[in-house]
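Where does this protein leave space inside and at its surface, and what surrounds the ligand? The report below takes these topics in turn.

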Amino acid sequence: MRKWKLLAAVAALAGLGFAGPSPAGAQAYKAEYKLSTVLARPSPWGVGAERWAELVTERTGGRITVRVFPGPSLVGGNQTMEFGALRQGAIDLSVSGTNNWSSQVKELSLFGLPFLVPNAAALDALTGGEVGAEIFRVLESKGAVGLAWGDNGFRQVSNSKRPIRTPEDIKGLKIRCVGSPILLDTFTAIGANPTQMTWSDALPALATGAVDGQENAVSIFVSAKLHTMNQKHMTMWHYIASPLIFAVNRDVWNSWSPEDRAIVKQAALDAARENIALAREGVLTAGDAVLKQLAAEGVETIDLTPGERAVFRKAVQGVYDKWTPIIGQDLVAKAQAVVAKH
Ligand code: X2X
């Protein structure tokens, strides 16, 4: 037993010994690593992504130099293609929303189930527990190593036409949705007219009135200045949470020394903590700081009563029936059990 422990210790030390910048026989590091993110600063998402890149570059003394590509320009702006590019190696690292990857990783539509997650504590219990671990195992089997969960905030609905309190109010409104099929089904179920487009196409579509509304987190609404794009009515229905995932291409991850992997992971956790704090600051009800500022810009915020929210929840039951088998019965049941405690 003692001898075994000694051998293990020697092996670990030898491993560290070979972990230098250009060890003989080990895979060479790239001169630069590409990090993809939909959003740049000042959005909390962009802060998380850019901070991760900075911390990794700094803490590895430049052994791993990370360059940020927002937009996400590495996939021609098509955010739904990001996961494929990450697993194939066109992207080395990414900070992405679960919605954006959900058409390529079906389990991620879990977070698209409408009105599943009631509050941030429930979201943290999901991502920090067995559900999050299971999703990271799925990602790894597909070629990406998940290192940390961040947050983009609860997604609210805004529009240029009228206040929304009931499914009747949203009927027929043309709503831009992020590219996740479950969200299109959700908006269709409540009577809206959803249309999917990239974020870069969404902004001119809102500005010109080609679409009436959109669904996004308040922090994104503010950083993109959607109040200057006709968005005067915002309903705080918290219909989905939108966690972020900090991930690395699996081959790239395996090419790094254990020491560097630990640095990259810790940097992801640190950057995610900062991102989460910013994403959740003052954005949940009409009385919160950010929404008061928006009110001064002419944006009317509507808080739904629990009863009003329940009417929407009832209207989307068909989405659960259709999507639970696609996401996986077990995973959905596990998530519902966690949520029930909050
Ligand atoms: O496209 C969006 O709406 C955004 C920026 O929030 C996401 O990528 C999920």
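What follows covers the basis of the model, the cavities, the pockets, the ligand site and a few backbone features.

## Basis

This is a predicted model, in which local features need pLDDT of at least 70 and side-chain atom pairs count only at pLDDT 80 or more, while totals for chains, interfaces and linings use all residues. Residues are numbered from 1 along each chain as its sequence is written, and side-chain values use heavy atoms, with hydrogens and water left out.

## Cavities

A search of the whole structure gives two cavities of 30 Å³ or more. A cavity is a set of points, on a 1 Å grid over the protein atoms alone, where a 1.4 Å probe fits but cannot get out; lining residues have an atom within 4 Å of a point. Grid points are joined across faces, edges and corners, and a volume is the space filled by probe spheres set on the points.

The largest cavity has a volume of about 120 Å³. Its lining counts 15 residues, and nearest its centre are Trp45, Gln79, Asn152, Arg155 and Asn216. By class, the lining has six nonpolar, seven polar and two charged residues. Here Ala, Val, Leu, Ile, Met, Phe, Trp, Tyr, Cys and Pro count as nonpolar, Asp, Glu, Lys and Arg as charged, and the others, Gly among them, as polar. The largest cavity lies between domain 1 (2-152 + 243-280) and domain 2 (155-241 + 283-329), because both give residues to its lining. The domain bounds come from an automatic or database domain assignment.

The second largest cavity has a volume of about 30 Å³. Gly153, Phe154, Gln156, Ala217, Val218, Ala279, Val283 and Leu284 line it. Six of these residues are nonpolar and two are polar, with no charged residue.

## Pockets

A pocket is an open set of grid points with protein on both sides within 12 Å along at least five of seven lines. The largest pocket has a volume of about 230 Å³. It is lined by 16 residues; Asp124, Thr127, Gly128, Ala148 and Trp149 are the closest to its centre. α5 (120-128), α6 (130-141) and β4 (144-151) each supply at least two lining residues. β4 gives the most, with five. Helices (H or I, at least four residues) and strands (E, at least two) are DSSP runs, numbered from the N terminus. The lining divides into eight nonpolar, five polar and three charged residues.

The second largest pocket holds about 200 Å³ of space. Its lining is made up of Pro42, Ser43, Pro44, Ser219, Val222, Ser223, Leu278, Glu281, Val283 and Val290. Helix α10 (residues 218-223) contributes the largest share, three residues. The classes are six nonpolar, three polar and one charged. Domain 1 and domain 2 both give residues to this lining, so the second largest pocket lies between them.

## Ligand site

Which residues are around the ligand? They are Val38, Leu39, Trp45, Gln79, Asn100, Asn152, Arg155, Arg176, Val178, Trp199 and Asn216.

A polar side-chain atom of Arg176 lies 2.7 Å from a ligand oxygen atom. For Asn100 the distance to a ligand oxygen atom is 2.9 Å. For Arg155, a side-chain N or O atom is 3.0 Å from a ligand oxygen atom. The ligand alone exposes 270 Å², and the protein buries 99% of that. Accessible areas come from the Shrake-Rupley method with a 1.4 Å probe.

## Backbone features

Arg41 and Pro42 are joined by a cis peptide bond, with omega about 10 degrees. Pro42 sits in the loop between β1 (33-37) and α2 (44-59), and the residue also lines the second largest pocket. The bond from Gly71 to Pro72 is cis as well, with omega near -20 degrees. Pro72 belongs to the loop between β2 (66-70) and α3 (82-88).

Asn230, a residue other than glycine, has a positive phi near 70 degrees. Asn230 lies in the loop between α10 and β9 (233-240).

Notes:
Near = heavy atom within 4 Å. Polar contact = N/O pair within 3.5 Å; in protein donor to acceptor, adjacent residues only side chain to side chain.
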